[in-house]
Amino acid sequence: MTKTKAMGNKHFLSLNIVLACLIYILAGGCVSYNFTGGSIPPNIKTISIQSFYNQSGNGPPSMSLQLTEKFKSFYQNNTKLLIVKDNGDWKLEGMITKYYVQPIAPQANQTAGQTRLTITINASFIDELNNREFKKDFSFYADFAQTQSLSQVETELVNTILDQLVLMVFSETTSNW
């Protein structure tokens, strides 16, 4: 075997070892990933999600339960976390603080061309095992035509807004690792 060929084989072997090590590290790394863009430390196994009560004084009567169930479903369907009633590794709770409708997009005849429904929640998150927490407001809105009444579009808009709020909170809980 020539000296050049022997050096090439050593280089090839070294490169394979480095690649194998990188694959091993990435595959068995310290953070688990999911398809939603966030990450959850591997020591986190459970989450407890308490009811999000409606403190806004407005909105559909079922909105509190709907939001709480959306959180539970999202974490269950998009993570490997086990949802427990109390004392999870992660704890999530909060309240709906604002639910309001306001006219937007003024027109020449001094009427609004559209109306905006806005929902704000305050979410509290505690990571018991990694000493991380936040308490933060999240707000999202959806617009609808002035020719429609809120009662005509409320179910669909509330559903859309709550979905976005769940995504926003989930992103915050799984970011910054």
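**Salt bridges and a helix**

Me: Is Lys91 buried, or is it partly exposed?
Reply: Lys91 is partly exposed, at 26% relative accessible area. Buried would be under 20% and exposed over 50%, with partly exposed in between (1.4 Å probe, protein chains only).

Me: What am I looking at, and how are things counted?
Reply: This is a predicted model, where local features need pLDDT of at least 70, side-chain atom pairs count only at pLDDT 80 or more, and totals for chains, interfaces and linings use all residues. Numbering runs from 1 along each chain as its sequence is written, and side-chain values use heavy atoms, leaving out hydrogens and water.

Me: Ok, which residue forms a salt bridge with Lys91?
Reply: Glu128, with the closest N and O atoms 3.1 Å apart. A salt bridge needs a side-chain nitrogen of Lys or Arg within 4 Å of a carboxyl oxygen of Asp or Glu. Lys91 lies in strand S5 and Glu128 in the loop between S6 and S7, so the pair ties together parts 37 residues apart in sequence. Strands are DSSP runs of E, at least two residues, and helices runs of H or I, at least four, numbered from the N terminus.

Me: How many salt bridges does the structure hold?
Reply: 4. One of them joins Asp163 and Lys70, with N and O 2.5 Å apart. Asp163 is in helix H3 and Lys70 in helix H2, so that pair ties together parts 93 residues apart.

Me: And where's Lys70, buried or exposed?
Reply: Lys70 is buried, at 16%.

Me: New topic: which residues of H3 are buried?
Reply: Among them are Leu157, Ile161 and Leu165.
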